[in-house]
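Hello,

I am passing a structure on to you, and I hope you enjoy looking through it.

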Amino acid sequence: MNARPRSRIAEALFSLALLAYPRAFRRHFGAEMRDDFRRSTLGTLGTLFLNGIRERGSSIVRWTMFPNATPHLYVPTGRHHMFLDTLRADIRHALRLAVKTPVFTALTVLALALGIGATSAIFAVVNGVLLQSLPYRDDSRLVNLWSNNTSEDRPRNPLSPANFLDFQRLNTTLDGLEGYFTFVTPAQLQTDSGTEVAYSFFVTSNMFNMLGRTAALGRTFTIGEDSGVVVLSDGYWRRRFGGDPKIVGQVLSVSGQSLQVLGVMPPDFVFPYSGMLGPSGFTRVTGVDMWLPIAFSGPMAVNNRMLDQAGQVVRNVHWFGAIGRLKNGVSELQAGADARTIASQLEQSYPETNRGWSATVVSSIDQSVGTIRPALLILLAGIGFVLVMASVNVANLLLARSIAREKEMATRAALGAGRARIARQLLTESVLFAVAGGLAGMVVMWWSVRGLIALAPADLPRMNEVAVNWQVLLAAGLTTMLTGIVVGVLPALSSASVNPQASLQDASRGTVGGAMRRRLRAGLVIAEVALAVAITTGAALLLRSFVSVTNVDPGFETTQLLTWQMNLPPRLTAGPERLAFYRDFFARIEALPGVVSVGGTTRVPLGSTSVTTTVQIDGRPVPNSGLPEVQFRRAMHNYFETMGMPIRRGRNFDPKDSATAPPVAVINETMASRLFPGHEAVGQRVRTGPNATGPWTTIVGVVGDIRHGGLEEEPQPELYISYLQGPPVSPFIVLRTVGDPAALTETVRAEARRIDKNLPLYDMRTMSTLRSEAVATRRFILLIVGAFGALALGLAAIGVYGVMSLIVSERTREVGVRLALGAQPSELLRMIVGQAAKLSGIGVAIGLAISLTLAPLLDSQLYGIESFDPMTFILVPAALLLVATLAALVPARRAMRIDPLAALRIE
Amino acid sequence: MDKFRAESFLPLTPVAFEILLALADGERHGYSILLEVESRSGGAVALHAGTLYRALARLLESDLIEELNESPDPSSVDERRRYYRLTARGIAVARAEAGRLEGQVAAARARRLLRGAKV
């Protein structure tokens with residue numbers, strides 16, 4: 001036997017494989033087997049390794065699952081499936097037990113169903129919004145390119161069209177860069193019955209190809225096809241044209257142009273996401289009805305103000321978005337560096353317009369859902385905590401039951417059941433509970449997902465893409481199994497270590513539960529209270545923020561205001577025609593019954609977007625790129641009075657400020673204090689626009705600040721001009737009413753039809769609705785986290801109650817002895833409540849530590865308070881302590897009423 | 001214990017029977033059983049160490065084989081080597097199994113399943 005000696009590695013592997021055998025077997029045969037192995041001459045190291053793995057794997061399977069099955073000395077006559085047999089027996093037993101204790105079963109399954117169902121529902125939302133890919137080919141390689149206004153710290157500022165073209169031409173890291181207008185345009189669709197609004201969106205002609213999507217019907221634009229064509233969205237096609245496939249090839253009259261319908265996009269196609277839009281725009285609507293191509297020359301380019309007086313593409317006005325595809329092997333960072341290099345080249349070539357403009361590259365998924373990510377992750381963390389609490393409660397219930405079943409377990413152990421066997425039975429039971437809870441949880445999830453989608457505010461991106469798909473079901477399944485094991489493992493371990501002799505004797509005396517169990521239960525109470533403190537603290541912080549936001553004074557009266565947007569009939573092109581139209585319009589609307597006053601503006605607060613302009617100040621020469629930027633709006637008719645915005649200094653516009661009179665402006669307090677600090681603003685002269693050369697505009701008044709962009713946004717400098725000196729095309733009208741503004745909608749619409757059938761009114765709503773929508777996302781998150789908080793409080797109360805009841809019932813005999821020896825019932829009450837308070841106190845302390853660690857994560861969602869808000873951090877723990885103590889009071893009172901005679905007689 | 005009946009062990013698994021056969025010549029240690037089985041079957045039956053030793057454990061438990069207290073080969077001082085030999089019960093069981101197999105072979109021959117079979 002001249003054996004080739006085996007390498008040490010192979011031997012080590014073989015020794016490792018031996019670990020799969022039971023210890024007794026290893027002790028007896030291990031050395032010999034290793035010896036044999038050393039001498040064996042079979043195969044190479046590789047095959048040996050594989051053999052080792054196979055040996056180990058099959059041994060583990062055999063010894064753990066079929067310990068009695070192989071190898072048989074003789075061939076078994078029947079087929080033995082010990083594993084399945086045992087499983088069947090365990091399941092049968094568990095089911096019998098479940099039916100015998102219906103309340104316990106129902107409570108357990110309900111707690112698990114709520115926990116698993118709610119967790120899966122929140123995960124479905126997170127999955128749909130954050131994890132699912134955008135509806136574009138290879139969406140992970142898509143990036144958005146922005147100008148970075150370094151002087152005013154606006155890293156995601158739109159590009160100018162000329163700069164966009166330069167980035168498209170010069171970049172070396174992108175496989176295609178396409179542009180779009182960063183706003184949705186309400187276009188006028190002319191039909192036989194009148195004019196209606198169609199929300200259109202301008203994209204460069206190669207956009208669809210670059211995104212990798214084709215039309216479901218017809219085709220999209222070809223490269224260079226930049227006018228006279230339109231592509232419809234699936235929703236609009238179905239809504240407006242009844243899903244008629246013959247629409248392709250038809251010609252629509254849109255805003256005075258004839259556009260041929262090229263095709264219809266598939267239902268899942270979305271572009272843009274609201275996050276991809278810029279801060280300026282005409283409408284608050286982000287859903288798109290049709291896509292139009294951008295032309296860089298020709299009449300469409302002139303129409304869209306793409307060209308300056310010299311016929312060059314505009315470089316100093318920024319309203320372009322850009323989205324591109326990273327080349328293979330190029331990272332977002334490299335693309336960003338490349339874009340910044342190009343931006344600095346442009347800065348040198350065009351210092352007048354490009355000084356202070358760098359570039360930013362952001363992944364498109366971030367651009368679309370980045371703002372909502374922190375809120376959703378907070379929800380996910382919150383529900384995770386709730387699930388853990390529900391599991392802890394169930395674990396506690398099971399632990400309590402395992403104590404009650406100690407005699408059963410002891411009997412089993414005495415009859416020869418091993419520790420593993422008992423643990424396995426209990427784990428089977430808990431997994432069975434989890435599976436039942438998981439199945440019921442699917443129903444909970446189904447309804448929760450639908451509820452969440454229905455409740456979600458309209459501006460939460462991608463909510464319509466949330467669905468229960470296989471990833472969600474997989475996650476739910478995994479959650480179920482994990483929960484089953486987690487809730488089962490403590491009771492299983494504690495029961496498996498039962499000492500049959502002690503237990504059987506002990507049980508007969510009526511006291512159960514060892515020191516280990518007592519510690520376990522104390523741990524569960526502490527964990528529950530700690531988690532509840534963490535969740536309720538978060539919920540309280542969000543609640544306080546919500547209250548501060550809703551208490552913000554927007555600077556105007558939001559009640560009894562009706563507002564809508566409208567487009568002037570396209571035939572009115574000259575200024576005087578428009579003014580005549582408006583004069584008639586305001587007079588007729590004002591005359592309607594129930595109307596107090598009426599006015600209008602170009603951007604309505606709390607819901608619209610905004611538009612800005614740079615201003616030059618008379619006597620303060622500044623280079624073009626250093627001009628201050630302010631919000632620019634027009635005031636129409638009695639706008640300030642209707643809104644309830646006070647004139648602080650100077651005067652309001654009046655009818656004498658006509659087109660022929662010297663130009664005048666009214667500014668807000670923020671602009672007055674920021675641009676004219678220490679000086680009287682009234683009487684100063686300004687010029688607006690990037691290349692302003694016209695006459696100076698005199699500031700005649702200062703009006704109160706309003707919260708334009710939203711309740712949480714600080715007021716920006718604002719400059720108003722009178723509509724008489726520049727009539728707008730698609731204004732927002734505001735109407736102050738005597739009674740409920742919503743009641744006037746039909747009257748107003750009817751009057752508008754009588755005034756002109758080509759006057760579409762849209763986006764009509766009351767200012768109170770706008771105000772409530774401004775906090776919709778906040779309310780949505782608060783509602784959910786609030787529900788978690790309530791759930792957490794309830795779970796903590798139930799948990800404490802459960803544990804204390806158990807402790808009291810265990811100590812019945814002890815209490816009886818104490819009472820018999822003369823203890824006062826009130827002392828007992830104090831003892832038991834004190835014990836609960838002590839445990840809760842530890843829990844509260846740990847919970848406070850968790851909250852203090854996690855609170856900064858909530859920062860993005862807080863308003864008007866610090867993340868370490870002292871009131872919250874004192875009140876919440878105090879409330880938790882109170883709840884826990886009250887929960888302990890019930891079992892404590894039961895202990896007080898124990899009859900010492902009866903308690904002692906049990907023995 | 002019940003009265004010993006060799007038939008109650010039948011039919012033996014192939015591995016168990018191979019081991020009993022290998023020990024029929026005399027005492028052997030585990031590795032030598034492994035080699036013997038392999039060489040006799042021409043490599044057709046390859047015993048894995050795990051299979052062999054688990055089978056040995058079972059045979060020991062059932063009292064069909066026993067461990068020798070000392071090495072039969074005085075020149076070998078390897079203390080880890082355990083030698084096994086058949087017990088009387090083991091011989092009886094092996095014999096019974098061989099008889100059972102013989103009966104099966106005869107039956108196969110009668111049904112002309114074996115080449116060169118006489119009628």
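Below is what turned up, starting with how to read the names.

This is a predicted model, in which local features need pLDDT of at least 70 and side-chain atom pairs count only at pLDDT 80 or more, while totals for chains, interfaces and linings use all residues. Residues are numbered from 1 along each chain as its sequence is written, and chains are lettered from A and ligands numbered from 1 in the order in which they are written.

Let me begin with the cores. A nonpolar core is a set of buried Ala, Val, Leu, Ile, Met, Phe, Trp, Tyr and Cys residues joined through C-beta atoms within 7 Å; buried means that 20 or more other C-beta atoms lie within 10 Å of a residue's own, with C-beta atoms placed from the backbone. The largest such core has 162 residues, and Val386(A), Val529(A), Ala532(A), Ala792(A) and Ala796(A) touch the most other members. Helix H13 (residues 373-404) of chain A gives the most to this core, 17 residues; helices (H or I, at least four residues) and strands (E, at least two) are DSSP runs, numbered from the N terminus. Another core, apart from that one, holds 61 residues, including Trp146(A) and Phe269(A).

Next, a strand to look at: S4 (residues 185-191) of chain A has five of its seven residues buried. Strands pair if DSSP finds at least two bridges between them. S4(A) runs antiparallel to strand S5 (residues 194-203) of chain A, joined by seven bridges, and a hairpin of two residues links S4(A) to S5(A). Leu189(A) has Glu196(A) as its bridge partner in S5(A).

Happy exploring!

Key. A residue is buried if 20 or more other C-beta atoms lie within 10 Å of its own, exposed if 12 or fewer, and partly exposed in between; C-beta atoms are placed from the backbone.
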